[in-house]
Amino acid sequence: LPGLRAVQRSGAPGDDAASIDIRGFGNALVIVDGVERDFTQIDANDIESISILKDASAAVYGFKGANGVILVTTKKGEISKPTISYNGYYGFQQVTRFPELYDAYEYASLWNEAQMNIGVAAPYSKEDLEKYKSGSDPAYPNTNWWDSATRNSAPQMYHNLSVSGGAEKVKYYFSLGYTNQEGIWVTKDHNYKKYNVRSNISAEIVKGLTVGLQLSGRLDNRVKPYEQEVFKGIYLASPLKSIYANNTAPYFSNTGDRANPMQALVIDEVGYDKRDRREFNGSLTIDWQIPWLKGLSLKALLSYDYNNVSTKQWFKEYYDYTYDPVNDTYNKLARHSISTMDLKDENSFNPSQQYSLNYQNTFGKHDISILLGTEQYYWNVKGFSATRTGLLDLDLPDFTAALDLLDPTLGGTAEQDYGVIS
């Protein structure tokens, strides 16, 4: 596909969709089976073909096709006996590269140098540096935050089962798909699951009149610890700090201005970010080869798409610790002192209609093709969001069980819609 460019800006489970453009001119218009739709989450085994339109060939789509058009066609049934196909894999993902960070000895040595450059005495003695280098004294930790926080590889699996076939009058294609992807964090608290189904049926009702029904649905769920920029935290965390205060679990140590990277990866410690997405796409096509005039056909396409995105973010009240060796106690320090719950829900409805009259015929050496078409497109989005603070029970992250000591319930609803006729 010359000119097609795909950029994937994240490899995180459930958030790794790529942006697609043609020759770098901005997002291209994507048409799936004749309807404007997102195709980044379509099961790859359901796709029959992908083609692109550029410049004059995209003119039929008007200003929407100014950046080019990507045409995606899903699989349909063919005349054959029922064919059952399975495609699946179990594999592993790995980080391709990550900057090598200084260990405790190198970090302390460079910190000494930095302090002496501004006229301050070196904070670490030769004996201190040797202990950091040898790792023989637990009081002188040497923490590799990246190795501690990540796994060497993260498993993922994919399964797809399809059935296709048909006779002269009726053809069909059905498929079921399942994807499970885990994150690289050692806590295994970041994962993504997707379920998808597709049904494409076409039937010739009478000679020259064909009706097609295309239905598809998707349900996916992504769960991860509440976002606290863990990658940045790993970069900035000092290797001179231990994961746990006094190397004693579960007292996560205070690592400075930012959250302890290992603590930030545990849902039971910091809370979670959950997202559920539900999608339904339906299309009815009617194709009539008008018998009274050779080459004249009438086509109608009616579609209805529904999308729901529901998110629940629980930022839990949590603490880290410092150790007091004199009294043999662990001092609690509030990292986030008031628990917060955020809810968001968005529903979008997109019915559309397309009608076209096409005449195509050949007269001797001359080909004639005439197309008249119209499209009606309607889009409606309804959204809801709310925030509450001060949950009464940290083991019960329920939106109704909050004190709201600092703020009342915040949020609101919104609705937006528009329509286009062309």
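Trainee: Is Lys 188 buried or exposed?
Mentor: Lys 188 is exposed, with a relative accessible area of 52%; buried means under 20%, exposed over 50% and partly exposed in between, using a 1.4 Å probe and protein chains only. This is a predicted model, where local features need pLDDT of at least 70, side-chain atom pairs count only at pLDDT 80 or more, and totals for chains, interfaces and linings use all residues. Residues are numbered from 1 along each chain as its sequence is written, and side-chain values use heavy atoms, leaving out hydrogens and water.

Trainee: Where does Lys 188 lie?
Mentor: In the loop between β9 (170–182) and β10 (191–206). Strands here are DSSP E runs of at least two residues, helices are H or I runs of at least four, and both are numbered from the N terminus. Phi of Lys 188 is positive, near 60 degrees. Most residues other than glycine have a negative phi.

Trainee: And what about phi of Asp 328?
Mentor: That one is positive too, near 50 degrees. Asp 328 sits in the loop between β14 (318–324) and β15 (329–336), and is exposed, at 52% relative accessible area.

Trainee: New topic: which residues does the cis peptide bond join?
Mentor: Ala 249 and Pro 250, with omega about 5 degrees. Pro 250 is in the loop between α4 (230–236) and α5 (267–270).

Trainee: What order do the strands of the open sheet take?
Mentor: β4-β3-β6-β5, with mixed pairing; two strands pair if DSSP finds at least two bridges between them. The edge strands, β4 (35–36) and β5 (47–53), each pair on one side only.

Trainee: How many bridges join β3 to β6?
Mentor: Four, and these strands run parallel. Leu 29 stands opposite Val 69 in β6.
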